[in-house]
Amino acid sequence: MDEDWQTKKSTIRERAEMLFVSQDLCDCEFLVGTEKVKIPSHKLFLAMSSPVFYAMFFGEMAERESVEIKDIEPDAFKGMLQYIYTDQVEFESCAHACAVYTAATKYLLPYLEEYCIKYLLGNIAANSACELFEFALFHDNSEIKDTCLKVFQNDTQGVLKSTGFLESEFSTVLTIFEQPKLELDSELELFQGLKEWTDAEAGRLGVSVESLSTSVTEALSKIRFLMMTAEEFTGGPALSPLLTSEEKLAIAMNITKPGVIEIPERINTSKGPREVMQPDTVVPVPPLEWSLVREVSDTIVYPVTRWVNPFPRKGLTVSRNIRLKGVKIASQRASTNGTECSLTYKENVTMVLKKDWAVKFSGAKYVQDTPYNSTFTVLFYKPVLIEVGKKYWIIVQFDKNGDYQFTRDACSVYTLNNIRVELYEEFSPITEFLFCDKPEDQQ
């Protein structure tokens, strides 16, 4: 840099941006991501922007060595720093903006959160709607969620052809198929979309497409096969392993001659346009709900900080497919003397569910006043399918300093409702798992 560069920058933002780009005068260093990418910075800029960074560098437990950040990728961390120095971010994509938003929530940068949301709302399109819908559910953002639902309805063809659709969770696929209005030339497009998603999912899981036929029953039941022409059906669905031979025969016969043969249970009988809501003629069967309360032995009180890493986790495997609604978590510990035990505090917890440490995950947030010395419940937007043969990790990310109760399992294998549940890892703040069986699971 020029020796007198400061005289050529008329605003503090321009001077801060020069320090950000040049990395001159840096006095701290971060090792970010799995590759531990070195990112230098300035303590003063960080501390004046975030209470987390202030405590990290100037609090009682101030960091003196390089700070390791494992749960944020370098591009997202750099995007966060760019905003801290310049009040703006040059986003590379919606995925980049989502990652920067996650960093902003960790380091308590509400203005950056708003900046990211504004960018995302302006870039919701067919190719990003599925990814942003899942982001909105995870972070409980109704504005993004509702906008994505409108894209699902008004640009269905574009959504079904997008890479984001192929990479989305099944719950997102089902949400699209459940919309009362969809922009389609033919119901064949909906089936073709499900077929391509199933092919991609089979590749991710390393299983055959045939083995997923039962798993996608809910989506299949939303496709109006009887609105297809005979040529459409015989050239597509009739050749697919997603349908049984009985279902193929019944659909083909009813397309050419309605009522000639009984229609199987999971085949949709609707023939009207999608914007017309069909009245319910069958009383819905409520899901069977039940819970698993952990049997515990040892108990410890663990002091949690907002940037604790690694976060507490609990491993989980099941003997048959089941849906996880959420969990109960022990709240902060407080003195039982006097009136303090009746007070509440503002809890802020994020729950993440990962399958075999895959990149894809489900999540839920809990932000509200909570009593001390009790428990609170964190629920997913929709119950998440837990598959047999897979290992899941439930990660609890605290964002509130305090003492929490952690317990160790006295029993690691439970048998409830004809299902075997095995838990891994010793200490956890989770006290109870909330499961449910949907009607088709109960049959």
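Trp290 has Phe435 as its bridge partner in strand E16. Strands E4 and E16 (residues 430-437) pair in the antiparallel sense over six bridges; two strands count as paired if DSSP finds at least two bridges between them. Strands (E, at least two residues) and helices (H or I, at least four) are DSSP runs, numbered from the N terminus. The model is predicted: local features need pLDDT of at least 70, side-chain atom pairs count only at pLDDT 80 or more, and totals for chains, interfaces and linings use all residues. Residues are numbered from 1 along each chain as its sequence is written, and side-chain values use heavy atoms, without hydrogens and water.

E4 and E16 belong to an open sheet of four strands. The order is E4-E16-E7-E10, with antiparallel pairing. E4 (288-293) and E10 (375-386) are the edge strands; each has a single partner strand, so one side of each lacks a neighbour in the sheet.

Helix H12 (residues 187-205) comprises 19 residues. From first C-alpha to last it reaches 27 Å, close to the expected 27 Å, which is 1.5 Å times one less than the number of residues. A side-chain oxygen of Ser186 lies 3.0 Å from the backbone nitrogen of Leu188 and caps the N-terminal end of H12. Gly206 follows H12, with a positive phi near 70 degrees.

Buried residues of H12 include Phe191, Leu194, Trp197 and Leu205 (buried: under 20% relative accessible area, 1.4 Å probe, protein chains only). The buried residues of H12 pack against helices H9 (156-160), H10 (163-166), H11 (170-177) and H13 (217-220). They also pack against strand E8 (344-355).

Key. Buried < 20%, exposed > 50% of the residue type's maximum accessible area, 1.4 Å probe, protein only. Contact = heavy atoms within 4.5 Å. Polar contact = N/O pair within 3.5 Å; in protein donor to acceptor, adjacent residues only side chain to side chain.
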